[in-house]
Amino acid sequence: MRIIVDVLGGDNSPNAVILGAVNALEAADDFSIILSGDEWTIKEQLQVIGYVGDRITVLHAPEEISCNESPTVAIKRKKESSLVKALRAVADGEADAIVSAGSTGAVLAGATLIVKRIKGILRPGLAPILPSEKGPFMLIDCGANVDCKPEYLQQFAIMGSAYMSKVMGIENPRVGLINNGAESKKGNELTKATYSILEETPGINFVGNAEAREIMTGAFDVLVCDGFVGNVVLKYTEGLAMSLVNMLKVELMGDTRSKLGAAISKPAYRRFKKRMDYTEYGGAPLLGINGGIIKAHGSSDAKAIKMAILQAREYLVGNVTETISTYLADAAVSIDKDN
């Protein structure tokens with residue numbers, strides 16, 4: 001297995017990305033890494049780290065795509081960028097999966113234009129893994145498709161089920177549809193139409209609507225929504241988690257008694273922080289593309305990059321791309337004429 005890493009993508013690139021790649025190799029010995037970026041910079045940093053193995057190769061790519069550029073324009077113009085060359089390597093079969101912490105828009109546009117969709121997929125879905133009371137769940141879509149049709153959400157449910165089954169090891173994943181009520185007739189035209197379709201979709205375990213207050217309960221393994229709703233849920237969840245932690249710190253340091261209680265409870269707080277840490281889950285897979293695409297958080301440190309690379313490895317071990325194709329065929333889902 002060959003995983004290519006976009007070294008120039010992310011707030012902490014290139015050093016944190018390179019260190020994360022080296023650390024990932026220590027966790028498993030059945031894959032190799034290609035680092036896409038400026039060759040001189042990469043080799044210099046590998047020397048600083050002290051890496052002397054033979055499982056890392058370098059793909060020279062001197063250009064970088066920033067978050068301030070138009071994604072589609074940048075993908076078409078910057079042929080020598082680390083992201084474009086990495087995506088091209090996947091499309092040409094020189095790599096099996098890519099990890100990038102760079103511009104989300106550029107990753108989405110490049111994956112669709114260069115690597116292409118799986119045959120039969122109408123739209124790819126960005127699908128982060130998030131923590132809940134009872135374990136991780138997938139949110140799909142969280143921003144790739146702001147405007148959706150019921151058929152898109154149906155395929156999100158199928159792809160999410162395939163991933164959670166093959167990568168996360170969840171048997172018969174429970175699929176929920178994010179809505180403003182539990183009843184099947186609640187919601188807007190999109191959710192009402194999607195509910196009816198999901199009820200009739202073979203091969204998935206659709207358990208009904210999920211109200212916002214149920215998202216973090218652990219009652220669902222895959223939560224389906226359009227990209228607008230998903231992005232709001234994702235950003236609100238991230239902001240709420242940070243605010244709760246900050247408020248808790250203030251209160252724990254408020255007086256002597258609280259400080260003593262905080263000292264005694266420190267192990268519990270550490271466990272809680274670990275459960276809420278996004279770096280434990282890697283990045284967000286872009287499902288529906290003909291290859292493994294893992295979008296790491298823009299602020300990823302070395303640990304987050306390591307976990308995203310290992311997530312890409314699990315994607316490949318689980319044959320997720322092939323499984324999605326099989327699920328689509330079994331569900332007899334309509335095929336996009338453009339594919």
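Author: Between two axes, angles under 35 degrees count as roughly parallel, over 145 as roughly antiparallel, 65 to 115 as roughly perpendicular and the rest as oblique. The axes are lines fitted to C-alpha atoms (for helices over the stretch in contact), and angles run from 0 to 180 degrees between N-to-C directions. What we look at is a predicted model, where local features need pLDDT of at least 70 and side-chain atom pairs count only at pLDDT 80 or more, while totals for chains, interfaces and linings use all residues. Residues are numbered from 1 along each chain as its sequence is written, and side-chain values use heavy atoms, with hydrogens and water left out.

Let us begin with a pair of helices and then turn to a sheet. Helices (H or I, at least four residues) and strands (E, at least two) are DSSP runs, numbered from the N terminus. Helix α1, which covers residues 15-25, packs against helix α11, which covers residues 302-317, with the two axes 7 Å apart and an angle of about 50° between them. The two helices α1 and α11 are therefore oblique to each other. The crossing of α1 past α11 is right-handed, a word used if the near helix is turned clockwise from the far one by less than a right angle, with left-handed for anticlockwise. On the side of α1, the residues that meet its partner are A16, V17, L19, G20, A21, N23 and A24, and on the side of α11 they are A302, I305, K306, I309 and L310. Of the residues in this contact between α1 and α11, nine are nonpolar, two are polar and one is charged; Ala, Val, Leu, Ile, Met, Phe, Trp, Tyr, Cys and Pro count as nonpolar, Asp, Glu, Lys and Arg as charged, and the others, Gly among them, as polar.

Now to the sheet. It is an open sheet of seven strands in the order β3-β2-β1-β4-β12-β11-β5, and its pairing is mixed; two strands pair if DSSP finds at least two bridges between them. At the edges stand β3 (56-60) and β5 (125-126), each with a single partner strand, so one side of each has no neighbour in the sheet. Further in, β1 pairs with strand β2 (residues 32-37) in the parallel sense over five bridges, and R2 has S32 in β2 as its bridge partner. Helix α1 comes back here, for it packs on the sheet and touches β1, β2 and β3, while its direction makes about 175° with that of β2; a contact of this kind means heavy atoms within 4.5 Å.

The next strand to follow is β4, which spans residues 97-100. Strand β1, made of residues 2-6, pairs with β4 in the parallel sense over four bridges, and in this pairing I3 stands opposite A97 of β4. Strand β12, which covers residues 292-295, is also joined to β4 by four bridges, and these two strands run parallel. Within that pairing, V99 stands opposite I294 in β12. From β4, A97 and V99 point one way while I98 and S100 point the other way, and all of them are buried; buried means under 20% relative accessible area, exposed over 50%, and partly exposed in between (1.4 Å probe, protein chains only).

Helix α4 lies across β1, β2, β3, β4 and β12, and runs at about 160° to β4. It consists of residues 82-91 and is mostly covered, with seven of its 10 residues buried, namely S82, L83, V84, A86, L87, A89 and V90. After α4 comes G93, whose phi is positive, near 80°.

Helix α4 also has a helix partner, α5, which covers residues 104-115; the axes of the two come within 9 Å and cross at roughly 35°. Here again the crossing, of α4 past α5, is right-handed. The residues of α4 that make the contact are L83, V84, L87, R88, V90 and A91, and those of α5 are A106, V107, G110, A111, I114 and V115. In the contact of α4 with α5, the residues divide into 10 nonpolar, one polar and one charged. Taken together, the sheet carries α1 against β1, β2 and β3, and α4 across β1, β2, β3, β4 and β12, while α1 packs with α11 and α4 crosses α5.
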